[in-house]
Amino acid sequence: MNKKTLVFGASLKPIRYSNMALRKLVNYNHETVAFGMKAGEESGVVIDTVLKQYEGLDTVTLYVNPTRQKAYYNYIISLKPNRVIFNPGTENPEFYAVLKENNIAFEEACTLVLLSTNQY
């Protein structure tokens, strides 16, 4: 099943986990969009540096530390994703509460592992 995913905190550097996840999502045929601090393209996906109202998102997978997430709470909620994945290092109980109030599922998980084990 194709799950449209926003890689939030995408990097152009191949050694970064957000970049690996973006590439793996594309390889697994998930429609993928990306937001990051530097514009560019990876695996045919344009990394946007301006917040857009992406439509039909299933998942937002986070690669932004908890301190920086706070500025994006309302934006991520406005996208109305089915779930938000908190990858290692992004865990944020404050944001969990906000998501719960807005009926958005969340999980602490690694997108790369979920994909590799067919649990995505």
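1. Start with the largest nonpolar core of this predicted model. This core has 21 residues, and the members that touch the most others are Leu6, Phe8, Val60, Leu62, Ile76 and Val84. Strands E1 (5-8), E2 (32-35), E5 (59-62) and E6, along with helices H3 (73-78) and H4 (93-101), each put in at least two residues. Which of them gives the most? That's H3, with four residues. If you wonder about the general picture, nonpolar side chains in soluble globular proteins tend to be buried together.

2. Now zoom in on valine 84, one of the residues touching the most other members of the 21-residue core. What does valine 84 touch, if you skip residues up to four places away in sequence? The list runs Val60, Leu62, Ile76, Leu99, Ile104, Ala105, Phe106 and Glu107.

3. Phe106 from that list also turns up in an aromatic pair. The structure holds nine aromatic pairs, and phenylalanine 86 with phenylalanine 106 is an edge-to-face one, at 6.5 Å centre to centre with 90° between the planes. Phenylalanine 86 sits in strand E6 (residues 83-86) and phenylalanine 106 in strand E7 (residues 105-108), so look for a link between distant parts of the chain, 20 residues apart. Both rings belong to one aromatic cluster, together with Tyr73, Phe95 and Tyr96.

4. Are phenylalanine 86 and phenylalanine 106 buried or partly exposed? Phenylalanine 86 counts as buried because its relative accessibility is 1%, under the 20% cut-off. Phenylalanine 106 has 32% relative accessibility, so that residue counts as partly exposed.

5. Finally, have a look at leucine 112, in helix H5 (residues 111-116). Leucine 112 counts as buried because its relative accessibility is 14%. Where are its contacts along the chain, leaving aside neighbours within four places in sequence? Leucine 112 is in contact with Tyr17, Met20, Ala21 and Lys24. For a sense of scale, the C-alpha atoms of leucine 112 and serine 18 are separated by 9.2 Å, while the two residues are 94 apart along the chain.

Methods. Residues are numbered from 1 along each chain as its sequence is written. This is a predicted model: local features need pLDDT of at least 70, side-chain atom pairs count only at pLDDT 80 or more; totals for chains, interfaces and linings use all residues. Side-chain values use heavy atoms; hydrogens and water are left out. Rings of Phe, Tyr and Trp (its six-membered ring) pair if their centres lie within 6.5 Å; planes under 30 degrees apart count as stacked, over 60 as edge-to-face and the rest as tilted. Buried means under 20% relative accessible area, exposed over 50%, partly exposed in between (1.4 Å probe, protein chains only). Contact means heavy atoms within 4.5 Å. A nonpolar core is a set of buried Ala, Val, Leu, Ile, Met, Phe, Trp, Tyr and Cys residues joined through side-chain atoms within 4.5 Å.
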